[in-house]
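Subject: The structure you were waiting for

Hi,

Here is the structure, with the sequence alongside it. Have a look first, and then read on for what turned up in it.

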Amino acid sequence: MTTPQLTKNQSLVFDVLEKAEGPLSAYTILDKLRDHGFRAPLQVYRALEKLLEYGVVHRLESINSFVACAHPGDDCHSHGIVAFAICESCGQVMEFHDHEVDHRLMEWVRGQKFKPEKTTIEIRGLCEACAA
């Protein structure tokens, strides 16, 4: 998938996420973009909705935050299920893909005749640095 041309607001939101050292909430993004004319959360949420649709941003459900895709040049959706390891101490997020996990989950889904709409895997704990 080729990422469509981003609107000004989408580009600004994406840039903030790309430069961030960790996941950001929509309200944190709004605060960082007030000098660029952002006044309402809806402006951020609309941009995030499209960025999620394009696959260049991911939502971390458990912490209600967003991160830029670690593989923006690729079609992230072609990797299969995206998983995240989230450090409870420093907030670092590592994005990864495991085709074996994809295969096992899809096997289960087919066996149950379940029709998934969305899959998010989040592993919460301590990164190597914080666990030491």
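Read along the sequence, the elements follow the order α-α-α-β-β-β-β-α-β-α, which gives 5 helices and 5 strands. Helices here are DSSP runs of H or I with at least four residues, strands are runs of E with at least two, and both are numbered from the N terminus.

Before the details, please keep in mind that this is a predicted model: local features need pLDDT of at least 70, side-chain atom pairs count only at pLDDT 80 or more, and totals for chains, interfaces and linings use all residues. Residues are numbered from 1 along each chain as its sequence is written, and side-chain values use heavy atoms, with hydrogens and water left out.

**The overall picture**

The C-alpha trace spans about 50 × 40 × 25 Å along its principal axes. Of the 132 residues, 30% count as buried; buried means under 20% relative accessible area, exposed means over 50%, and partly exposed is in between, with a 1.4 Å probe and protein chains only. Among contacts with a separation of 6 or more, 54% come from residues 24 or more positions apart, where contact means heavy atoms within 4.5 Å.

Helix α1 (residues 8–19) and α2 cross at roughly 105°, and their axes come within 10 Å. That makes α1 roughly perpendicular to α2. For reference, angles under 35 degrees count as roughly parallel, over 145 as roughly antiparallel, 65 to 115 as roughly perpendicular and the rest as oblique. The axes are lines fitted to C-alpha atoms, for helices over the stretch in contact, and the angles run from 0 to 180 degrees between N-to-C directions. On the α1 side, Leu12, Val13, Val16 and Leu17 meet Ile29, Lys32 and Leu33 of α2.

Helix α2 (residues 26–33) also packs against helix α3 (residues 41–54), at an angle of about 110° and with the axes 9 Å apart. These two are therefore roughly perpendicular to each other as well. Ala26, Tyr27, Ile29 and Leu30 of α2 make the contact with Pro41, Val44, Tyr45 and Leu48 of α3.

**The cysteine site**

This is the part I would open on screen next. An unreviewed UniProt entry places the feature "binding site" at Cys87, Cys90, Cys127 and Cys130. The four span 44 residues in sequence, yet no two of their C-alpha atoms are more than 8.1 Å apart, so they gather at one spot. UniProt positions are given in the numbering used here, feature names are shortened, and annotations may be inferred rather than shown by experiment.

Cys90 sits in the loop between β3 (82–87) and β4 (93–97). Its relative accessible area is 46%, so Cys90 is partly exposed. Leaving aside neighbours within four places in sequence, Cys90 touches Cys127 and Cys130.

Cys130 belongs to helix α5 (residues 128–131) and is also partly exposed, at 27% relative accessibility. With neighbours within four places again left aside, Cys130 is in contact with Cys87, Ser89 and Cys90.

Ser89 lies in the loop between β3 and β4 and is exposed, with a relative accessible area of 52%. Beyond its neighbours within four places, Ser89 is in contact with Gly125, Leu126 and Cys130. The C-alpha atoms of Ser89 and Phe114 are 25 residues apart along the chain and separated by 36 Å.

**An aromatic pair**

What about that Phe114? The structure holds 1 aromatic pair. The rings of Trp108 and Phe114 have their centres 6.4 Å apart and their planes at 50°, so the pair is tilted. Rings of Phe, Tyr and Trp (its six-membered ring) pair if their centres lie within 6.5 Å; planes under 30 degrees apart count as stacked, over 60 as edge-to-face and the rest as tilted. Trp108 is exposed, at 51% relative accessible area.

**Two backbone details**

Most residues other than glycine have a negative phi. Lys113 has a positive phi, near 55°; it lies in the loop between α4 (99–112) and β5 (121–125) and is exposed, at 72%. Asn64 has a positive phi too, near 50°. Asn64 is found in the loop between β1 (57–60) and β2 (65–68) and counts as partly exposed, at 40% relative accessibility.

Best wishes
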